[in-house]
Amino acid sequence: MIRVRFVSGLLAVGMVTAVPACGVAEDRATGKVPVADKVPVADKAPVAAMVTQPPPETLSPLLEQALPNVKGKTFTSAIVDFPPAARAVPHRHGKAFVYAYVLEGTVRSQLGGEPVRTYHQGENWVEAPGAHHVLTENVSRTRPAKLLVIFISDTGDKLKIDDSHG
């Protein structure tokens with residue numbers, strides 16, 4: 001009985017999804033615009049437009065300490081959490097030297113001028129001061145990813161500077 005209800009539910013979902021798609025294809029084939037499509041664009045919010053932005057990562061500092069033997073430099077450690085499908089905005093870490101270690105999940109990363117690389121739990125990479133981080137994303141749509149990141153930066157500098165959007 002449970003199987004019958006489950007299959008019936010799947011069929012209902014399939015019908016609801018397929019019927020509007022078929023109607024749109026049929027109207028496009030005849031060249032006629034359905035009345036619903038004559039509604040001003042501002043009044044409609046397509047489903048795809050509501051889900052186009054991937055979730056952001058979050059950086060949680062663990063320790064920040066001036067290096068006693070290197071004047072003007074600070075050691076910072078942080079955990080970067082990537083929810084499923086999260087992607088960081090392209091960014092730089094100023095003049096900081098960066099070390100990243102994958103604690104959990106799988107992360108795809110690319111520095112400017114280098115190929116895209118995929119890092120799994122237990123793998124790591126470094127970023128030279130001034131490097132442009134053009135891609136950082138959690139490759140999984142269902143599982144989180146987590147990095148331990150170490151920064152050696154000029155004391156007082158911002159640790160992450162997102163590319164401008166303008």
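## A facing pair in the sheet

Strands here (E, at least two residues) are DSSP runs numbered from the N terminus, as are helices (H or I, at least four). This is a predicted model, in which local features need pLDDT of at least 70 and side-chain atom pairs count only at pLDDT 80 or more, while totals for chains, interfaces and linings use all residues. Residues are numbered from 1 along each chain as its sequence is written, and side-chain values use heavy atoms, with hydrogens and water left out.

## The open sheet

Strands β5 and β6 are antiparallel partners, joined over four bridges; two strands pair if DSSP finds at least two bridges between them. They belong to an open sheet of five strands, ordered β6-β5-β8-β3-β10 with antiparallel pairing. At its edges sit β6 (117–120) and β10 (161–162), each pairing on one side only.

Strands of a sheet pair through backbone hydrogen bonds, either parallel or antiparallel.

## Salt bridges between strands

The model holds seven salt bridges, each defined as a side-chain nitrogen of Lys or Arg within 4 Å of a carboxyl oxygen of Asp or Glu. One of them joins Arg 108 and Glu 137, with an N to O distance of 2.5 Å. This pair links distant parts of the chain, since Arg 108 is in strand β5 (residues 106–111) and Glu 137 is in strand β8 (residues 132–138), 29 residues apart. Arg 108 is partly exposed at 30% relative accessible area, whereas Glu 137 is buried at 11%. For these terms, buried means under 20% relative accessible area, exposed over 50%, and partly exposed in between (1.4 Å probe, protein chains only).

Another salt bridge connects Asp 81 with Lys 146, their closest N and O atoms lying 3.8 Å apart. Asp 81 is in strand β2 (residues 73–82) and Lys 146 in strand β9 (residues 145–154), so the contact ties together parts that are 65 residues apart in sequence. Asp 81 is partly exposed, with 26% relative accessibility, and Lys 146 is also partly exposed, at 27%.

## A further pair and a network

Glu 114 and Arg 117 meet through their side chains in a salt bridge of 2.9 Å, N to O. Glu 114 has a relative accessible area of 35% and is partly exposed; Arg 117 counts as partly exposed too, at 35%. Elsewhere, salt bridges with shared partners bring Glu 57, Lys 160 and Asp 162 into one network.
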